[in-house]
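Trainee: Could we go through this structure together? I would like to begin with the terms.

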Amino acid sequence: MSTIYLVGLVVLVVIGFVFGRARAAALAQAGTLHSRPPYHGLFVALGVLVPMAALFVIGVPVGRWIVESQSLSAYDLGPADALKRDAVLRDIQSVIVGSYAGEATEALRRAAATYVSLRWIVNGALLTLGCAFGLLGFALSYRSLAAPFRARNHVERFVRIVLFASATVAVLTTVGILMSVLFETIRFFERVPPLDFLFGTQWSPQTAIRADQVGSSGAFGIVPLVTGTLLITTIAMLIAGPIGLFAAIYLAEYATPRFRAFVKPILEILAGIPTVVLGFFAALTVAPSIRGWGQAIGLDVASESALAAGIVMGMMIIPFVSSLSDDVINAVPQSLRDGSYAMGATRSETVRKVILPAAFAGIVSAFMLAISRAVGETMIVVMAAGLAANLTFNPLEAVTTFTVQIKTILVGDQEFESAKTLSAFALGFVLFFFTLTLNVIALQIVKRYREQYD
Amino acid sequence: MTDVALAAAARTRVARDTAAEARVRARYRAEWRFRMYGLLAIALTGVFLVIVLTDVLRKGLPAFTQYHLNLEVNVDPAEIDPQNTRDPGVIRAGDFHALVRSALRGIFPEVSERAVRRRLDALLSSGASDALRDRVVSDPSLIGTSARVPVLISADADLYFKGLGTNIDRRDGRGAATPTGTIGEISITSTANDFSPDLTYIKLTISIRARDLRAEAERFRRSLRTVEARRGELESSLAAARNANDAARIAAAESALKPVLGDQETLTSRASEAENRAAELQARLDRVDSQETLEDTQPSVLVAINGGLVKVKQLGNARIDGEVLLPLSSESEAAPGAWQIITYITPEANRRAGDREVTWLERLKQMGLVEAGFNWRFFSAGDSREPELAGIRGALTGSALTLLVTLLICLPLGVGAAIYLEEFAIKNRVTEVIEVNINNLAAVPSIVFGLLGLAVFLNFIGLPRSAPIVGGLVLALLVLPTIIIAARAALKAVPPSIKEAALGVGASHQQAVFHHVLPLAIPGILTGTIIGMAHALGETAPLLMIGMVAFIVEVPTSVTDAGTVLPVQIYLWSDLPEIGFQAKTAAAIIVLLGFLFVMNGAAIYLRRRFERRW
Amino acid sequence: MDMMVHPIKVVSAASPEVASAAIKIAARSVNVFYGDKHALKDVSVDVPERAVTAFIGPSGCGKSTFLRCINRMNDTIPIARVTGQILIDDLDIYDPSLDVVQLRARVGMVFQKPNPFPKSVYENVAYGPRIHGLAKSKADLEEIVVTSLKKASLWEEVKERLTDPGTGLSGGQQQRLCIARAIAVSPEIILMDEPCSALDPIATARIEELIDELRANYTIIIVTHSMQQAARVSQRTAFFHLGVLVEEGQTETIFTNPSDKRTLDYITGRFG
């Protein structure tokens, strides 16, 4: 049905364009046109497209809903959850195509019959209505064509609306993210009190195999996850902070253009390595090495230590810190440097006493963005950090993070209503909220910093 | 350093006195140190990069070659096409594996015991007969004849040839050796003390092992002491709580005590176990005896004599008892130098291939039946549970389909949004909200986009799980900010004079933008798009959320089929315990990095090629 | 085409018939605001048809701002606001129902810096006729392009390389290409915003010659920094200062016998 509808739509749109253009060309013989003929063609084409597309976008889901709900009521399915509904619908579909395994029940066959006949009616109605809409749109837009008619302005207004709609997709994405985590988080908090969630020191989300199973509640205290995330992020920042900052200082203040041209690609390549690759490296090379060295000096190192994940995450963030700091340092006006040099300061003195203080706010925001990146990073910790929610600050032990838990809970079989599944969304909410706050603050600082020197 | 010192010396002439001179020198030293920190930071970054890349290359390159046997297989009609139909469908269903298996058994006729035969069969991959099947299906006239075909071997056998087996040490016998039989359990006696070096070596390994065990036991004891101290503490606090009759504290202390008690128990048993083993070994070592029983935790010693091979079980100075792995041709005495003592240095327990397998594989290699070739299968096969059969075709196709969806969605949306914001947006609250929002969206963790995909695309809209279309949608939203930002920069870089010129001849604002500004911004937009696509190609976390982690053998053919993508395949393989998959993982990473380098290279080329100075 | 060859007169004396010519553009109390800044204050002026009018004045005096009001280029600046009335042949160009695109087809513009499109010479000239649908056929279009290039006295120099990029021409050629581009949509008025400021003296002389030729068919307004240039090419001159139109009249009069002291100070080099 969709294919027929869309083909019909395309045909009508093309016809609209051709007729509109031809009419405008004819009008041009009589008098001067305001808009060029193709714009008249486009105007008519849009006149066909808009109502037909709108009908399609609204009509298809509504039609499906009507068909499904009617056939389900023919099946006499009582109050049932989404899972049961889906199963019955699948059965109905397989009865229709004749692939149903086993003997279909009377109710099922009745439902299938309803489904088929209703689908016929709905599809027919949609096609007819679509044609009617398209022809109506055609007639109306075709009639308004005239030599002084401003077809171009109308087409351009439409294009402008489309462009604006594209720009709002980003906003809709944010709203979508917020909605998807917020609703599930609220449902989670109906089961687990927010205070237990925020201040509990035990994290062991239990899977309930059956809903009535004993002990399916589990413990949902995020403190161990916070400390775990914090521990790994701290290690990462201890590595990426100094290295990234010093690299940026060297590149901005000391490096010759040739050296810069050589080093920049290194940083770009490092930044371009997918985190799953770094995770592989962390889990299969760094972690065993650290464990080996630890044992050589008599330390007991977990095979999935926070240290390994932290080190590799630090490597991942170095290019991020250095390029952001590089920008910030370059934004410090040359006049400040000149002033310092004129007083006989060496370069390092200038950097330490003049440039870094001047760029301080910018560097802080660069670090904040880097922290937000580290907190939200998933693959390295999934592959190299553990699952055990240990409440510890020992970098040699295994810890777990927000992202690891979200991934662990949501990958594989899940039961959508359980507190365990919902808890992943609550974790996602905290993660989103935290990184967003960090970013908003950091971007504000950067903005103010730039305005200061612009 | 000398340069700096000289420069400092040259400059000190300006200084007024020696104190000032010293100060200047100290300042230059500080300057030098500071500079070195910067260089060190850059060097460390470079070293990190080199280590990561070489590590991946070292692990992954072997996976691009695959060893196989070149066997002469008798295509027996009874197994393939007993009715002589020559119907490809019938032939395809034939038991080709049995043919290949019997061809291999034909090389080692002495293997008759079931358990041993099963080990021999296990040298073959479960896909060993694929090449034979394809050949016979395409050329049915081969039925009834014999054909030489490549036969895929198991991952363990493959890894053995790739050097993950054992070092083999060979040494000629100095005395004349006489075996007591040709098959089964036999003894070999030499006229010289040929085996004494091995005996010494074995004793040495025993003493090292005993030392290690003692050290381990000591470590357990140490941990045990800490645990005991903790137990004491907890018990006293428990007692205190009991006295105070504080139920909550009692419960807390008890629950804390329980794991401690468990730890104590495990540690005690582990420590004493290690101590016992050490004592046992020490006793063996102390025994004044020129006999030693070999275990699989020690290097394997074998004797090659009279065309056969004997695995040593009892080792003496001049005499060994052992089991025949390859039958001897006769019981006759072997002259000095005509027989060899062979040592597989890696203990059998630490190897994937046992002594028998090593022996067979070495024999096959001697016979010239082992060949290495480029592993085409890696690119032509879907996923598999067997490392030697697994390929990345499914993942590559999945990635391509996903990226196609991503590109089709985010390029028009991104460019549209960029044009709107850069050219048409009036500065107001709405525009500001959109701009701030785009900047923040660029920094939202990717896994959160996965949550969005799960909640909205799968659960709300009801799109199919694991499908490239959902992956593409999620990735499109993920890279949208990148593309918008890049496209805006590209549009902004087009000088306003071009737009003015167009407006000046009476083009409308949109005509000026679409006819002049946008075409000039296209290289910049493409560069940004390629970089965004590269980012999408490497992205993993959000795709895990929408179920692209399923084990899927079939290569997806449409955007609604279940599939996976390359980075997720890497993640999945990296999680598997088989050592064969480690190389596959690294090889898949090399392919992924190869694509990324090509894409980024294309972006850099575009940037250079179309860079325009106005 | 009436391509009459004028004798080159470096100082064109204002001929009496010019003064009595029809009024092409009539501005009445035009004010322009950039945000809070009052950039142009109550300007009223008449511009005669088929003559060259020069706007002179120190930088920032509002002469370019006024010029850009005449083809509503100020519309592209979001914070700009224009009040008052500008009539072209009795048509109010700030009438909300007027399509600015059609206005700009009638009022061509040449900018300070030559800004050819990064396309071929041919495409540069053909773009305008194409979007306005001025050519019925390919041959038509070609004729328009050739005629425009000839009118801009560029034809002889570029006829061999019509497919070469316009940006590859010399500065003076580029500016003449821009003039050809403006002519190609058959405007009635050509606005020139300091068209020679980025050119060397020889190229400048050629453009000035061209302007003199063009005034037979077009109403030309030229904004210039150079008083000599104004004196050489224009028949009428308007002097702007601090957003105010100080004086307007026959070029000869303005330069020899200005009525306002500020004009005198400016032309004698006291400021500016």
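Mentor: Two residues are in contact if their C-beta atoms, placed from the backbone, lie within 7 Å. Helices (H or I, at least four residues) are DSSP runs, numbered from the N terminus. The model is predicted: local features need pLDDT of at least 70, side-chain atom pairs count only at pLDDT 80 or more, and totals for chains, interfaces and linings use all residues. Residues are numbered from 1 along each chain as its sequence is written, with chains lettered from A in the order in which they are written.

Trainee: Which elements cover the buried residues of α20(B)?

Mentor: The cover includes α9 (275–296) and α13 (379–384) from chain A, and α13 (393–424), α18 (509–538), α19 (541–545) and α21 (579–610) from chain B.

Trainee: And how many residues of α20 in chain B are buried?

Mentor: Nine of the nine in helix α20 (residues 566–574), where buried requires 20 or more other C-beta atoms within 10 Å of the residue's own. Among them are B:W573, B:Y571 and B:Q569.

Trainee: Turning to the interface, how many residues of each chain are in contact?

Mentor: 68 residues of chain A meet 68 residues of chain B. On the chain A side, helix α5 (residues 151–191) gives the most, with 20 residues.

Trainee: What about the largest nonpolar core; which residues touch the most other members?

Mentor: A:A282, A:A309, A:V312, A:I380 and A:A384, in a core of 274 residues. Such a core is a set of buried Ala, Val, Leu, Ile, Met, Phe, Trp, Tyr and Cys residues joined through C-beta atoms within 7 Å.

Methods
Helix = DSSP H or I, 4+ residues; strand = E, 2+ residues; numbered from the N terminus. Buried ≥ 20, exposed ≤ 12 C-beta atoms within 10 Å, placed from the backbone.
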